[in-house]
Amino acid sequence: GDVYKRQVLGVRNLSKSFLIKKTGILRPRFVEIARALLGLKTHQTRIENTFWALRDVSFSIKRGESIGIVGMNGAGKSTLLKLLLKRLLPDEGTIDVRGNAGGLIELGAGFHPEQTGRRNIHLNAKLIGASDNQIKDNLDAIIEFSELGDYIDMPVNTYSSGMIVRLGFSIAIHFVRDLIILDEVLAVGDFEFKQKCHRKIHEIKKDRSFVLVSHNTRDVSLFCDKALFLHKGEVIDYGDVNSVLKSYSKVKRSDSAEDIKKRICQPIEELAKIANVVTSIDVLTEAKFEETEDYRVSNFGRIYRDDRVVSN
């Protein structure tokens, strides 16, 4: 009944494969060249392998809910976002987006480099489905939020990566009504702008849904109600954000999906025995280190204080 509880995004059994073509491994023989020239059928000399970037991925979010997608490089996160934004078509499964969706998934991918920032606001807003009046009403707010000043009337190919993100984020949050898709955008830009983005996300979160891909588990735990953990194209864990991030913290790049599933099902005490680590809480709270992606691969959850990891 409640309009805010209706489903905005439903993904069912989604799979996407790519064909890897290895040419030049078998040289065409003279006979094959002659057959090709004569228009006759040639024997296949190209070796083709199918690579599954995603296998059987399912999840859903309701209005006002946000989901964080986590996983190492090569997990299939970018492929998933491109499918959600209709930049790619799925091989299997369905994506049901109710309402309008938009986002920033590749730096400047939606911008025309020769056009000014102002012109790109118009072009992007039209793609998202905004009317001329909506663009006119929001233009000043977008320019102000992006902090681009006079640069707004310069071509986008003169912008730094931080400026591109500021413009892209500003357009997305002012025009996308239902589902905003963000890929690592909060990792670029200065500290003050990030803080402003964080405040804006919290402000509009009750009305809109977010899909956020980030290597920064702190952003995921701050903004998301749910998380989806992908590894080599497969869903390893999905649900409560803290529980999924705990699963994610136990993974090494070399692990297969089967290894991880087995290990995550084991209780933490068993894990501690296998890893032969000291689990005394006093020892753990003494451990201080800067946050890098490497330290995400710990056997335990993480607690943040003053932007430093103080371990679990």
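Predicted model: local features only at pLDDT ≥ 70, side-chain atom pairs only at ≥ 80, totals over all residues.
I take helices (H or I, at least four residues) and strands (E, at least two) as DSSP runs, numbered from the N terminus. I count two strands as paired if DSSP finds at least two bridges between them.

**Entry 1. Basis**

Residues are numbered from 1 along each chain as its sequence is written, and side-chain values use heavy atoms, with hydrogens and water left out.

**Entry 2. The hairpin of E8 and E9**

I began with strand E8 (residues 226–231) and strand E9 (residues 234–240). The two form a hairpin with two residues between them. They run antiparallel and are joined by six bridges. His231 stands opposite Glu234 of E9.

Most residues other than glycine have a negative phi. For accessibility I use relative accessible area with a 1.4 Å probe and protein chains only: buried is under 20%, exposed is over 50%, and partly exposed is in between. Lys232 has 45% relative accessibility and therefore counts as partly exposed.

**Entry 3. Lys226**

I then listed its contacts (heavy atoms within 4.5 Å), not counting residues up to four places away in sequence. Lys226 touches Ser60, Ile61, Glu65, Ser66, Ile67, Gly68, Tyr238, Gly239 and Val241.

**Entry 4. The sheet**

I traced an open sheet of six strands in the order E5-E6-E7-E3-E8-E9, with mixed pairing. Strand E5 (101–104) and E9 stand at its edges; each has a single partner strand, so one side of each is left without a neighbour in the sheet. On average, neighbouring strands are turned by 15° against each other, direction ignored. For such angles, axes are lines fitted to C-alpha atoms, for helices over the stretch in contact, and values run from 0 to 180 degrees between N-to-C directions.

Two helices were checked against this sheet. Helix H8 (residues 241–248) packs on the sheet and touches E3, E8 and E9, its direction making about 145° with that of E9. Helix H2 (residues 77–84) lies across E3, strand E6 (179–183), E7 and E8, and runs at about 150° to E6.

**Entry 5. Strand E3**

How many residues of strand E3 (residues 66–70) are buried? Five of the five are, so the strand is largely enclosed by the rest of the structure. Both faces are covered: Ser66, Gly68 and Val70 are buried on one side, and Ile67 and Ile69 on the other.

E3 pairs in the parallel sense with strand E7 (residues 209–213) over four bridges. It also pairs with E8, again in the parallel sense and over four bridges. Gly68 has a bridge partner in each: Leu212 in E7 and Ala227 in E8. Ile69 has Val213 as its bridge partner in E7.

**Entry 6. Aromatic rings**

I searched the whole structure for aromatic pairs and found five. The criterion takes rings of Phe, Tyr and Trp (its six-membered ring) with centres within 6.5 Å; planes under 30 degrees apart are stacked, over 60 edge-to-face, and the rest tilted. Phe145 and Phe169 form a stacked pair, with 6.1 Å centre to centre and 25° between the planes. This pair links distant parts of the chain, 24 residues apart: Phe145 lies in helix H4 (residues 132–146) and Phe169 in helix H5 (residues 161–175). Both residues are buried. With Phe193 they form one aromatic cluster.

I next looked for charges over these rings (NZ of Lys or CZ of Arg within 6 Å of the ring centre and within 35 degrees of the ring normal). The charged end of Lys196 sits over the ring of Phe145, 4.6 Å from its centre. That of Arg166 sits over the ring of Phe193, at 5.8 Å from the centre.

H5 has 15 residues, of which 14 are buried. From first C-alpha to last, H5 reaches 21 Å, close to the 21 Å expected (1.5 Å times one less than the number of residues).

Glu147 lies in the loop between H4 and H5. Its phi is positive, near 55°, in a residue other than glycine. With 42% relative accessibility, Glu147 counts as partly exposed.
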